[in-house]
Amino acid sequence: MKQTFRLFWLVALPIVLTLASCAVEDMPVVVTDDKPFTYDSEIDNSVRPGDDFYKYALGQWFNSSNPSPSITKQIQNEMALLLDDMLETSTDPVMVTLRSQVAQTLNDDSKNKALLSERLQMLEQVTTADQLFTAFEALQSLGYSPLFRLIPYANVGKKGVNIITAGAMTQEVTRFAALKDSTSLGSVVTAYCTHLDAFGFSQERIAQITENAIDVENFEMQAYNYLYEMARHPQPVPVTCRTRAKEDDQKMDEVMKLMGIADEELKEQEVLIATAGIGQLLVLFADVAQNPSNVEAFRDYMIYNVLAQDLPFVPSINKQAKPLDMLSSALRYNKYYKYRLLTESYGKENICKQQCQDIMEQMRQNFIRRVDNLDWMSASTKAEARRKAEAMTFYIGYPDQWNEKLTPEVEGDVLLATVTQLRQNAVQTISSIRGKDADELGWDLWASISQFTTDNAFYLSTTNSLVILPSWITKPRFNNDLSEATAYAVTTTFGHEFCHGFDDSGAQFDENGYYRNWWAPADLEAFQAKQQIMIDLFNQLEVYPGLMADGANTLTENMADYGGQELALECYKQRLTDQGFKGIQFDEQIKKFFLSFAHLWKGEEELDKSLLEYYYKNDNHSANHNRVNGMMRLQDDWYRLYNVKPTDKLYVAPEGRVKIW
């Protein structure tokens with residue numbers, strides 16, 4: 001018996017050990033996400049995820065009598081505080097000088113007032129066309145935008161250009177608001193012009209200046225709004241509008257020379273005219289000798305323009321002037337320098353540049369692999385798409401090295417004279433971009449057309465470049481103290497911008513930024529068929545009860561949202577797999593990703609029906625709730641994880657879930 005028992009164990013022991021070993025190896029490794037995740041605190045379980053995932057994820061916020069601010073609102077507030085802190089504490093030599101001069105000006109602004117008065121009186125003496133042109137040239141040399149201004153841009157083929165557009169005398173946000181309401185625009189002009197009495201202008205003269213300034217300003221406003229659309233959706237043809245008769249050529253060339261522009265720069269399209277409206281304004285200005293009333297109109301507009309730009313620095317007249325406002329106004333036009341100061345003040349260590357750069361490169365490779373595996377695209381079109389993806393340039397956060405040549409130098413002890421030097425430096429910075437390659441310019445271009453404090457990221461088809469501004473990759477939005485699911489949800493916006501290169505508009509441009517059809521005919525037809533499915537799916541959604549979404553108007557942004565979520569989710573899944581997440585643990589992280597995506601688009605406009613209607617009429621992005629719900633219904637994982645059924649409102653049958661990339 002004992003012998004039999006021993007024999008049994010001699011045979012059985014290796015088997016038991018083997019089974020035990022297999023059991024240990026097969027047991028799932030416990031992987032946990034030990035970082036906080038707070039985006040489940042606003043879930044409303046009374047809402048079925050398949051009926052309205054946005055309301056499900058944010059229902060408690062919707063139902064709150066005092067809803068917490070969205071991340072976007074938090075960032076707006078924090079960026080404002082950052083700007084104030086930089087203005088108050090920066091040790092940059094120029095900022096130290098400006099703070100000292102602001103303090104002196106608040107005590108005694110007589111020198112500033114005298115300098116502004118001198119400029120206004122110089123304009124007041126203008127009575128002829130020749131005098132008007134002389135005054136215009138003098139103001140240009142001082143860095144003003146007396147009627148027109150140049151802004152840096154990148155034209156088709158990655159060429160750095162300057163665009164002639166409206167003069168900038170007030171904050172751009174005010175200009176956009178004024179476009180919607182001409183009454184508001186007139187109020188702005190009137191409010192500035194009332195201060196002319198402090199410079200010896202009679203009430204009758206002030207009324208005349210105000211009337212003329214409003215007329216010209218309305219003309220400018222009609223053209224200015226075009227810039228936004230041009231930036232978001234580049235035109236497939238050059239935007240130069242030199243539409244004028246041959247007899248106007250000589251006069252126009254003279255105006256261009258006054259602005260420091262050579263005729264060959266126009267011919268080479270290193271300088272573009274933003275719209276036909278600006279072209280007409282240029283012609284009117286060139287023709288002032290033919291109509292004395294035009295001399296008066298443009299003279300009065302320039303009086304208003306100079307006053308509006310300089311009034312912030314004369315606190316004895318402008319009772320609203322505050323030290324921080326004066327400092328901010330001094331930096332208004334010199335975007336590159338301001339971007340540098342804010343980056344250094346915020347601290348590069350707080351901007352997750354390298355981490356996001358790595359994720360962007362992973363997205364690039366994932367996109368290329370996805371293209372290679374597409375069953376609806378031919379080899380020739382795949383090669384073109386691959387080439388464009390490989391050539392796309394990323395500008396994330398800030399430059400590795402600042403261009404010291406663009407750092408302004410100031411001297412003197414009069415604040416308005418220092419501000420003039422800053423404006424002159426800004427004009428030199430803009431001019432330095434002309435005719436150069438956008439890739440060569442790099443951050444010299446992007447920091448000169450962007451604001452550090454602007455909460456944005458963008459893609460430009462004409463340069464095949466993607467820019468992510470700092471607010472998108474800093475706390476509280478991109479927060480490495482929280483679950484990684486929240487950060488990867490933010491990266492959907494990175495993928496969104498990447499996929500703008502391949503949406504219905506971006507796909508018309510090649511890897512070098514040229515408008516070129518690189519699609520095989522059958523592939524383009526299939527691509528457009530998928531776009532129609534996307535349009536139809538979003539037409540099924542509501543902006544609010546009774547107002548259906550416009551899938552055609554929002555197609556470009558919806559396609560970018562779709563591609564962005566696909567790329568970000570794939571990157572996150574790869575990250576989870578590398579960390580050892582499996583099964584239920586893996587699924588829980590994906591649910592966190594979806595909830596984080598909903599919170600990414602939590603916005604105060606969702607609580608205001610009038611705002612929803614305004615954005616519906618004036619924006620080509622879907623309403624935030626549709627950006628979330630519209631994407632969820634295309635994700636197979638979402639159906640599985642939230643048990644979405646055919647009876648749910650957002651349900652789309654598998655064969656109807658459009659798959660593009």
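## Sheet

Three strands form an open sheet in the order S1-S2-S3, with mixed pairing (strands are DSSP runs of E of at least two residues, numbered from the N terminus; two strands pair if DSSP finds at least two bridges between them). Strand S1 (148-155) and strand S3 (271-273) are the edge strands, each pairing on one side only. From one strand to the next the twist averages 35°.

S1 pairs with strand S2 (residues 159-166) in the antiparallel sense, over eight bridges. Tyr-153 has Val-161 in S2 as its bridge partner.

## Basis of the model

This is a predicted model, in which local features need pLDDT of at least 70 and side-chain atom pairs count only at pLDDT 80 or more, while totals for chains, interfaces and linings use all residues. Residues are numbered from 1 along each chain as its sequence is written, and side-chain values use heavy atoms, with hydrogens and water left out.

## Helix pair

The axes of helix H25 (residues 555-579) and helix H26 (residues 583-600) come within 11 Å and cross at roughly 145° (axes are lines fitted to C-alpha atoms, for helices over the stretch in contact, and angles run from 0 to 180 degrees between N-to-C directions). Helices are DSSP runs of H or I of at least four residues.

Residues of H25 that meet H26 include Leu-569, Tyr-572 and Leu-576, and those on the H26 side include Ile-590, Phe-593 and Phe-597.

## Contacts of Phe-148

Leaving aside neighbours within four places in sequence, Phe-148 is in contact (heavy atoms within 4.5 Å) with residues including Phe-136, Ile-164, Met-259, Leu-281 and Phe-285.
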